[in-house]
Amino acid sequence: MAWMAVMLLALSAAATSAPALAEPRRSVVDDCAACHGEDGIARDTEVPHLAGQNERYLFNQMMAFRSGKRAHKEMRYMARHMSVQEIAALAAYYAALPPR
Ligand code: HEC
């Protein structure tokens, strides 16, 4: 029953995204800035901008990197030990920055 698996996934995603930290840790944001820019605008054309992107989308992508569902060596490395709270805080942080 595939639909049940989909339902369960949707439910667990909703449950895990709820409580966010007030702010992501500065040391973590500094790591991200090396590639995604201090302001969430990437200077390298192979790196996506994060500033002003939809919060839920950013959260989902980070979770996908963490699990390996979305395959990318650097991003998997960055996300692999992150807590859901940290990922939620990062998503909120970048979503709130002004887009380019
Ligand atoms: C070594 C460089 C590097 C670092 C450091 C890095 N990223 Fe990335 N990030 C990338 C690249 C390159 C991509 C594009 C991945 C792809 O092509 O699938 C990406 C993709 C993403 C995406 C998906 C964006 C989208 O539009 O789909 C998010 C979200 C993200 N990074 C967040 C972060 C956060 C938060 C940090 C800090 C914890 C971070 N990244 C650190 C290089 C980096």
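**Helix packing and the iron site**

The crossing of helix 2 and helix 5 is right-handed (the near helix is turned clockwise from the far one by less than a right angle). This is a predicted model, in which local features need pLDDT of at least 70 and side-chain atom pairs count only at pLDDT 80 or more, while totals for chains, interfaces and linings use all residues. Residues are numbered from 1 along each chain as its sequence is written, and side-chain values use heavy atoms, with hydrogens and water left out.

Helices are DSSP runs (H or I, at least four residues) numbered from the N terminus. The contact joins Arg26, Val28, Val29, Cys32 and Ala33 of helix 2 to Glu86, Leu90, Tyr93 and Tyr94 of helix 5, where contact means heavy atoms within 4.5 Å. By class, 7 nonpolar, no polar and 2 charged residues take part in the contact of helix 2 with helix 5 (Ala, Val, Leu, Ile, Met, Phe, Trp, Tyr, Cys and Pro count as nonpolar, Asp, Glu, Lys and Arg as charged, and the others, Gly among them, as polar).

Helix 5 (residues 84-96) also packs with helix 3 (residues 55-67), at an angle of about 140 degrees and with the axes 8 Å apart; axes are lines fitted to C-alpha atoms, for helices over the stretch in contact, and angles run from 0 to 180 degrees between N-to-C directions. The crossing of helix 3 and helix 5 is right-handed. Among the residues meeting there are Phe59 and Met62 in helix 3, and Ile87 and Leu90 in helix 5.

The iron atom of the ligand has His36 (NE2) and Met75 (SD) as its protein donors, lying 1.9 to 2.1 Å from it (donors are N, O and S atoms within 2.8 Å of the metal, or 3.2 Å for Na, K and Ca). This pair links distant parts of the chain, His36 being in helix 2 (residues 26-36) and Met75 in helix 4 (residues 73-79), 39 residues apart.

Conventions: Helices (H or I, at least four residues) and strands (E, at least two) are DSSP runs, numbered from the N terminus.
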